[in-house]
Amino acid sequence: MSCFFGEEPIENMRELLAHDLEFYGPFYEFGSADAYLESLRENPPEEMSYEILKEYSDSNSCCLIYRFKKEDLETVMSQTFEARDNKISKILLIFDTSKFTNNPPG
């Protein structure tokens, strides 16, 4: 989260991700860590913030529920992360896309 939201360089995220990372979200899907990171390099997240509302975890997965804020847009998002061999292997992002009708990502 700190890399995505600009508190740390995006490149710091690479060591946390499995090579064959699967990312699923309402607007994008990626089948590798490199594809996911390339999308962030091409369209870096800027001027956004978040507030963690809840977090849950077990031995190899976790879920974060957070308030996402960007300019006048605010919505609750949920992300689940699954790990394999101490690397994030799957990310599922869920949020109400209607909030982005006038402000698509990017």
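Is D20 buried, partly exposed or exposed? With a relative accessibility of 37%, D20 counts as partly exposed, a class that lies between buried (under 20% relative accessible area) and exposed (over 50%), as computed with a 1.4 Å probe on protein chains only. The model is predicted, so local features need pLDDT of at least 70 and side-chain atom pairs count only at pLDDT 80 or more, while totals for chains, interfaces and linings use all residues. Residues are numbered from 1 along each chain as its sequence is written, and side-chain values use heavy atoms, with hydrogens and water left out.

We can turn next to the strands around this residue. Helices (H or I, at least four residues) and strands (E, at least two) are taken as DSSP runs and numbered from the N terminus; two strands pair if DSSP finds at least two bridges between them. Strand β1 (residues 17-24) runs parallel to strand β6 (residues 87-95), and 4 bridges join the two. Within this pairing, E22 stands opposite K90 in β6. Strand β1 also pairs with strand β2 (residues 29-30), here in an antiparallel manner and through 2 bridges. F23 has F30 in β2 as its bridge partner. Between β1 and β2 lie 4 residues, and the two strands form a hairpin.

The structure holds 6 salt bridges, each defined as a side-chain nitrogen of Lys or Arg within 4 Å of a carboxyl oxygen of Asp or Glu. D20 forms one of them with R84, and the closest N and O atoms are 2.5 Å apart. This pair links distant parts of the chain, since D20 lies in strand β1 and R84 in strand β5 (residues 73-84), 64 residues apart. R84 is partly exposed, its relative accessible area being 39%.

The side chains of E51 and R67 meet in a salt bridge with an N to O distance of 3.7 Å. Here too, distant parts of the chain are linked: E51 belongs to strand β3 (residues 48-57) and R67 to strand β4 (residues 61-70), 16 residues apart. R67 also forms a salt bridge with E74, where the closest N and O atoms are 3.8 Å apart. The relative accessible area is 39% for E51, which is partly exposed, and 25% for R67, also partly exposed. E74 counts as partly exposed at 41% relative accessibility. Elsewhere, a network of salt bridges links E11, E38 and R41.
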